[in-house]
Amino acid sequence: MHISEGILPWTTLAGGYAASALGVAIGLKKIEDRQMVKTAMLSSTFFIVSFIHIPLGPTNIHLVMNGFIGLLTGWSCFIAVGIALLLQALLFQFGGITTLGINTFNMALPALACFLIFSPFLSGKKISVLLTGFFSGFISVFLSTLLLSFSLVTAGEPFIPAAKLVFAANLPLMIVDGMITALALRFIERVKPEILTS
Amino acid sequence: MQIESFSKGRSPLHSTDPRMKLLACLPLIMLTALSQDILQVTASLAGGIILAAVAGIYSRLLFQRLATVNVFMIFLWATMPFTISGEHFWNSGPLSISREGITLPLLVTLKTNAIALYTIALPGTSTIIALSHAMLHLRVPGKLVTMFYFFYRYIGVFADEFSKMLRMLEARGFRASTNIHTIKVYAFFTGMLFIKSHERSERVYNALVMRNFRGEFPLLTHFTLKRRELIFMAAMSCLFMLIVLL
């Protein structure tokens, strides 16, 4: 879920950079040394996990898991998402340098929202962990897609069909991401619960 | 996992100071991204093509990379010529194409390719380590650069872990298809990867604390500007001014 270079107007790009810079600044202010190493390494895992392709009929979709990264990294999620997108922009030219701000914002704000809403429900019964996982996976991808479509709309009327297409194409991903996040959280809660409480 | 595909080489661009490459590429990319003029964007693409030639990076890999970048352009070319109304350009039966419907996707396609070439030819010809070092000298917050460095350092490690676990699944007869079993297996797989990275991060942190880590790496070496860098910056400024004046 990235917007390429050369589409958005400068107001959206600048707004994206300002909002993401604020998110990163708050993250850097709150982060401790121990958390730094952990967040960076969880971010590498997050990057690797996006190589998993889940077959869906004739095509396949790749995981996003930004709700999951939000639950694991909390306020540092802007940093975790930002460094992953910076590397993609530098090495693979996915997304880009000018769109780094807005792409980070679109992915990290829903992650942060999931952390703020759902982290209190993480400990406890099986059903509560599963539901928390499903909703954070579903809602984070839903919100990211929504923000992405809104960003495309700021590029002008010609981009409205593309924005709608992007939103529709991501609907199955919301459900699959929700299911994977739910089961992965349940797995971690059984195998190494201290990851979720720290 | 080899991901710094273009960083090895002996061209003049490969040996230019990474700070200067970052400083030169940002204004060029911004100018290209914001321009609304076909002529300017074409000039910028020409600049990118020349820089890539100077860097000597033309190869099958480069064209593969550009092809991936252009996938999104197919969406634009498939919808925009027919949905944007404007001055008449061409029609056949129910289909009619407007002039604006051609120029807008063309503009975006030129920009995307120009920016991709700048990114590969300038920062792309330095290693990520050199770029992190340059970012520290350019006053990017130290904690952020340190985290970027750790993030990059462990991608290779986790990619190995990832392919090892995938081989293990295949050895046990797992094949991905559209069913709940696949979802379950991938969910536990993801969970396990995160647990492994969490455990490794604790070990790495403890090892760092033992070596007196305080959240940042000290800068030991410094860059010096030589004549090569001055010529490079002068050439880049000329390119920038040329595009602006067009």
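Predicted model: local features only at pLDDT ≥ 70, side-chain atom pairs only at ≥ 80, totals over all residues.
Figure 1. Residues are numbered from 1 along each chain as its sequence is written, and chains are lettered from A and ligands numbered from 1 in the order in which they are written. The model scores ipTM 0.91 and pTM 0.90.

Figure 2. The C-alpha trace of chain B spans about 70 × 60 × 30 Å along its principal axes. An automatic or database domain assignment gives the domain bounds, dividing chain B into domain 1 (18–126 + 224–245) and domain 2 (141–210). The centres of these two domains of chain B, taken over C-alpha atoms, are separated by 35 Å. Of the 246 residues in chain B, 37% are buried; a residue is buried if 20 or more other C-beta atoms lie within 10 Å of its own, exposed if 12 or fewer, and partly exposed in between, with C-beta atoms placed from the backbone.

Figure 3. I155(B) is found in helix α7 (residues 142–171) of chain B, and I155(B) is buried, with 22 other C-beta atoms within 10 Å. From C-alpha to C-alpha, I155(B) and I3(B) are 9.8 Å apart in space, although 152 residues apart in sequence. N212(B), by contrast, is found in the loop between α8 (180–210) and α9 (227–245) of chain B, and N212(B) counts as exposed, with 6 C-beta neighbours inside 10 Å. The phi of N212(B) is near 65°, a positive value in a residue other than glycine.

**Figure 4. Overview of chain A.** Chain A has 9 helices and 2 strands, and from the N terminus on its elements run α-α-β-β-α-α-α-α-α-α-α. With 198 residues, a compact globule would have a radius of gyration near 16 Å, and the 16 Å of chain A agrees with this. The C-alpha atoms of chain A fill a box of roughly 50 × 45 × 30 Å, taken along the principal axes, and 57% of the 198 residues of chain A count as buried.

Figure 5. Strand β1(A) is joined by 4 bridges to strand β2 (residues 59–62) of chain A, and the two run antiparallel; strands are said to pair if DSSP finds at least two bridges between them. P55(A) stands opposite N60(A) in β2(A). The two strands β1(A) and β2(A) form a hairpin with 2 residues between them, and G57(A) in the turn has a positive phi of about 60°. M65(A), found in the loop between β2 and α3 (66–73) of chain A, also has a positive phi of about 60° although M65(A) is not a glycine. M65(A) is buried, with 26 other C-beta atoms within 10 Å.

**Figure 6. Where chain A meets chain B.** In this view, 53 residues of chain A are in contact with 65 residues of chain B, two residues being in contact if their C-beta atoms, placed from the backbone, lie within 7 Å. Elements of chain A that each supply at least two residues of the side touching chain B include α1 (10–30), α2 (33–49), β1 (53–56), α4 (77–92), α7 (160–169) and α8 (171–191). Helix α2(A) gives the most to this side of chain A, with 15 residues. The residues of the side of chain A that touches chain B divide into 38 nonpolar, 10 polar and 5 charged, where Ala, Val, Leu, Ile, Met, Phe, Trp, Tyr, Cys and Pro count as nonpolar, Asp, Glu, Lys and Arg as charged, and the others, Gly among them, as polar.

Conventions: Rg over C-alpha atoms; globule rule 2.2 N^0.38 Å.
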